[in-house]
Amino acid sequence: MKNSISKTSFFIAALVSLLSFNAEAQSPKVGVAGLNHDHIYNILNAYSKGQVNLVGIAEPNKHLWEKYGKQFHVPDSLFFTDLKTMVLKRKPVIVLGYNAVGNHVDIIEVCAPLGIPVMVEKPLAATLTQAKRIETLADKYHIKVLTNYETTWYASCQEAYNIINKDSIGAIRKMVVHDGHQGPVEIHCSPEFLSWLTDPVLNGAGALNDFGCYGANLMTWLMHGQKPVAVTAVARHYKPNVYPKVEDDATIIIEYPTATGQIEASWSWPFGIKDLEVFGETGYLHALDGNNLTMRRRENIKSVPNVAPLVSPNDNPIPYFNAVLNGTVKADDDRSSLKFNMIVMEILDAAKRSIQTGKRIVL
């Protein structure tokens, strides 16, 4: 989950940059599956301004039809209770998933046999079992299934990756990722969002899945898709009265043959943090947020004030997705790829098993 709804707007603005065409015929036909994820506000706001060729929305909750239809002037003709009916009648070229994480697999069950690619909000699935089903369907029907993370569109993270690949800080020895905030209740997420986000089945966990996936994704990318050898995790329940069903804080230790990763995920911090630290043999990098990066070599501290802006199609999700569709980007070995996100799901699954058993889980 993002630190707040407003903090997601800079990368969801991609829906404006790619889909803003004067002629509707020129715009990719976009379908939406689900309305109970609060990030849907950004797409519908763009639609209300005529910037997105939204051809259909599948959502079984008619209360949400009324809520969003009235707020964003969406005609009744765009709403469907059933995803398959929507895609068969409206024929979108892409489907964006904004439903419960535990229901992502349901989108793939419908779209894969029809050859429709899908992008879902992070993480890929609620459980490793669901993720394996998604992988099976994607392979069988040869579709792309991508996962969208806010941090994928952070210029600071990309610059850190580039510096590491130039061997400017030596081999990676430790990675630390902090992702968290005060909590989804505390930052006033909608009731529909909270109903599944705080559910152990529909979300797969609490803060561990919601925020732990960021660190697992970044580390998989930095390690070029190398699988960990072991995972150890600890969960805390600091606010049981607020989150009675799921943990609100988790720490995950990931072991690689030559490096260690530490993921800090929380719904119980005093403010929101999304950062990345990388310790190399000869230097250190700290991506403080989306645009700011510092670098330190031995005792010499220097700022990296001019982080290069990301270039399309790698600057936001929809131009990226469009590039995947036309073959410009392969999406086989990157942060959005199914391959990397299957590793993310293995890490999260091992973390849950470690918490349940109190043991280090060898993969």
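Analyst: Cys189 is buried, at 10% relative accessible area. Buried means under 20% relative accessible area, exposed over 50%, and partly exposed in between, with a 1.4 Å probe and protein chains only. This is a predicted model, where local features need pLDDT of at least 70, side-chain atom pairs count only at pLDDT 80 or more, and totals for chains, interfaces and linings use all residues. Residues are numbered from 1 along each chain as its sequence is written, and side-chain values use heavy atoms, leaving out hydrogens and water.

The closest cysteine sulfur to that of Cys189 belongs to Cys213, 14 Å away, which is too far for a bond. A disulfide is a pair of cysteine sulfur atoms within 2.5 Å. The count by this rule is zero disulfides. Cys111 is also buried, at 0% relative accessibility.

Now the sheet. Its six strands run in the order E3-E2-E1-E4-E5-E6. The sheet is open and the pairing parallel. Strand E3 (79-80) and strand E6 (145-148) are at the edges with a single partner strand each, so one side of each has no neighbour in the sheet. Strands are DSSP runs of E, at least two residues, and helices are runs of H or I, at least four, numbered from the N terminus. Two strands pair if DSSP finds at least two bridges between them.

Strand E1 (residues 30-33) is joined to strand E2 (residues 54-58) by four bridges. Val32 has Ile57 of E2 as its bridge partner.

Ala58 also lies in E2. Ala58 is buried, at 8% relative accessible area. Beyond its neighbours within four places in sequence, Ala58 contacts Val32, Ala33, Gly34, Phe80, Asp82, Leu83 and Met86. Contact means heavy atoms within 4.5 Å. Ala160 is 102 residues from Ala58 along the chain, and their C-alpha atoms are 39 Å apart.

Next, helix H11 (residues 317-325). Seven of its nine residues are buried, so H11 is mostly covered. The buried ones are Pro317, Ile318, Pro319, Tyr320, Phe321, Ala323 and Val324. Gly327 follows H11, with a positive phi near 90°.

Last, confidence. The chain's mean pLDDT is 91, and 92% of its residues reach 70 or more. Residues 2-25 have pLDDT below 50, yet this stretch has 67 contacts in the model beyond near neighbours in sequence. pLDDT is the predictor's confidence in each residue, from 0 to 100. Where pLDDT is low, the predicted coordinates should not be read in detail.
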